[in-house]
Amino acid sequence: MKLYYKPGACSLSPHIILNESGLNYSLEKVDLATKKTEHGADFLAVNPKGQVPTLELNDGSILTEGVAIVQYLAHKVPGKHLMPGVGTPEYYHAIEWLNFISTELHKGYSPLFNSQTPEEYKKIAKDKLLKQFTYVDSVLEKQDYVLGASFNVADAYLFTVTRWADAVKLDLSGLKSLSAYMARMAARPATVAALKAEG
């Protein structure tokens with residue numbers, strides 16, 4: 001398999017899961033501004049959406065959208081327990097977390113990364129994000145990972161989007177359980193390897 005990625009982008013999440021899975025894969029960096037890969041290929045010919053993450057499967061087909069990609073990878077290696085068993089209540093709680101991270105956290109950053117967003121709206125966006133991260137912190141006060149005692153695909157996604165707080169000057173320093181979680185996540189060998197590979 002091949003993961004098309006941009007350093008620091010949301011493609012870090014499936015990159016971590018690929019490392020956790022033990023599956024064989026290669027990486028290809030994408031310049032999202034020019035839509036060219038590091039080898040000069042037209043990225044839009046690979047993924048017409050023009051976004052990372054994009055996963056090229058072993059049969060040459062393309063899978064897009066991080067939430068779909070991490071579930072696909074988890075189901076390839078059921079023995080790694082990267083996703084709870086299909087049909088269990090825990091499975092649907094994992095889906096719940098993936099959707100919450102995608103819609104309430106990931107997309108919540110969009111106005112903060114847009115240079116044309118008025119400053120007064122950026123304050124509103126930051127306040128909303130802080131409220132959502134405060135909720136996450138309250139969950140992590142009681143358990144090590146979002147679903148309980150064990151790491152799962154939603155944790156890789158949460159780690160990825162939480163890292164963006166510094167870039168947009170969103171102060172999460174008061175959220176002690178979240179800070180401890182981020183340190184735990186950063187120490188996982190799969191995370192260390194992904195961050196090193198992305199530079």
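UniProt positions are given in the numbering used here, with feature names shortened, and its annotations may be inferred rather than shown by experiment. This is a predicted model, in which local features need pLDDT of at least 70 and side-chain atom pairs count only at pLDDT 80 or more, while totals for chains, interfaces and linings use all residues. Residues are numbered from 1 along each chain as its sequence is written, and side-chain values use heavy atoms, leaving out hydrogens and water.

**View 1. The two annotated regions.** Let us start with the UniProt record, an unreviewed entry that lists "domain: GST N-terminal" for residues 1-81. Residues 87-199 are 67% helix and 0% strand, with 38 Å between the end C-alpha atoms.

View 2. Domain 1 brings 16 residues to the contact and domain 2 brings 17 (contact means heavy atoms within 4.5 Å). Together the domains bury about 1300 Å², of which 68% is on carbon and sulfur atoms (buried area is the accessible area, 1.4 Å probe, that two parts lose on being put together, summed over both). Which three residues supply more of the area that domain 1 buries against domain 2 than any other three? They are Cys 10, Val 67 and Thr 191, with 30% of that area.

**View 3. A salt bridge between Glu 20 and Arg 188.** The side chains of Glu 20 and Arg 188 meet in a salt bridge at 2.8 Å, N to O (a side-chain nitrogen of Lys or Arg within 4 Å of a carboxyl oxygen of Asp or Glu). Across the interface of domain 1 and domain 2, the rule finds one salt bridge.

View 4. The structure holds six salt bridges. One of them joins Lys 2 to Glu 28, with the closest N and O atoms 3.0 Å apart. This pair links distant parts of the chain: Lys 2 sits in strand β1 (residues 2-5) and Glu 28 in strand β2 (residues 26-31), 26 residues apart.

Key:
Helices (H or I, at least four residues) and strands (E, at least two) are DSSP runs, numbered from the N terminus.
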